[in-house]
Amino acid sequence: MLKVIVCDSYEEMSKEGAKVIADQLKAKADSVLGLATGSTPVGMYKCLQEMNKAGEISFKDVTSYNLDEYYPLAPTHDQSYRYFMNANLFDHVDIDKSRTHVPNGLAKDPAEEGKAYDEAVAAAGGIDVQVLGVGQNGHIGFNEPEEELYAGTHLTNLTDNTIEANARFFASKEDVPTQAITMGLATIMQAKKILVLASGANKHAVVKKMVEDDRITTQIPCTVLKAHKDVILVCDKAAYNG
Ligand code: F6R
């Protein structure tokens, strides 16, 4: 079941998203969170930092698993997703960093890394809430539009569209890694609850595909979320109305 909350602005979307996470942490202090990077959740992470500072929520007992990491890229690289998470959330809240996980962008054997990552998620009891952004091409994590999609965490090639969209963070398009390790569709869909954030008119086409008809296609991976029983889409008016 897909529940939709349409907000007036990016700021409101961020607050609504943070409320979902805060409610989860209040109900279960030792929650397992699945986390996303990218521009979209930055505001939500800021709200969570403020709630943590105000003593409203604690991350003390939280475990986290991020969706993806560029490959090959060192965790210390300023465009790595490990670096992003430290800078946008972990360094500013009371989380135990040893319980935060991001796929290893330098793994010698990415297939082995993927398998171990999924096993670790399962051993932690599974993900309670998975945060997702969505690509302009409908990707979730780095599950790009394809005829066939992977179930488990795996090494994937990034599409030109994604490399182009993410070039804004790098010195040039040529500097964007062409591969990533990403959770697969089963890893994502096994989360107990999924929170999707979408902001801006450039996400409208895929948001529409997610909410407006009943079809699922691997060519727009976010449409798979229709098969999940507890998804909440929090988006702004621009993403919802175009
Ligand atoms: C990030 C991720 C990606 C992004 C998506 C949207 O960890 O897995 O799927 O959520 O590319 O990115 P932004 O938010 O930058 O538009």
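This is a predicted model: local features need pLDDT of at least 70, side-chain atom pairs count only at pLDDT 80 or more; totals for chains, interfaces and linings use all residues.
**Entry 1: the ligand's neighbours.** I began by looking up which residues surround the ligand. There are 14 of them, and the closest are T40, D68, H139, G141 and K203. I then sorted this shell by class and got 3 nonpolar, 8 polar and 3 charged residues.

Entry 2: Next I looked up distances from ligand oxygen atoms to side chains. For T40, an N or O atom of the side chain is 2.4 Å from an oxygen atom of the ligand. For D68, the distance between such a side-chain atom and a ligand oxygen is 2.5 Å. T37 also has a side-chain N or O atom at 2.9 Å from an oxygen of the ligand. I noted the cover as well: the ligand taken alone exposes 420 Å², and the protein buries 93% of that.

Entry 3: The largest pocket holds about 620 Å³ of space. Its lining counts 33 residues, and those nearest the centre are T37, G38, S39, N166 and R168. The elements that give two or more residues to this lining are β4 (68-71), α3 (81-88) and α5 (160-166). By class I listed 12 nonpolar, 17 polar and 4 charged residues in the lining.

**Entry 4: a peptide bond.** Is the bond from Y71 to P72 cis or trans? I recorded it as cis, with omega near -10°. I also looked up the place of P72, which is in the loop between β4 and α3.

Conventions: Residues are numbered from 1 along each chain as its sequence is written. Side-chain values use heavy atoms; hydrogens and water are left out. A residue is near a molecule or strand if one of its heavy atoms lies within 4 Å of it. A polar contact is a pair of N or O atoms within 3.5 Å; within protein, one must be able to donate a hydrogen and the other to accept it, and residues adjacent in sequence count only if both atoms are side-chain atoms. Accessible areas come from the Shrake-Rupley method with a 1.4 Å probe; for residues, only the protein chains shown count as cover. Ala, Val, Leu, Ile, Met, Phe, Trp, Tyr, Cys and Pro count as nonpolar, Asp, Glu, Lys and Arg as charged, and the others, Gly among them, as polar. On a 1 Å grid over the protein atoms alone, a cavity is a set of points where a 1.4 Å probe fits but cannot get out, and a pocket is an open set with protein on both sides within 12 Å along at least five of seven lines; lining residues have an atom within 4 Å of a point. Grid points are joined across faces, edges and corners, and a volume is the space filled by probe spheres set on the points. Helices (H or I, at least four residues) and strands (E, at least two) are DSSP runs, numbered from the N terminus.
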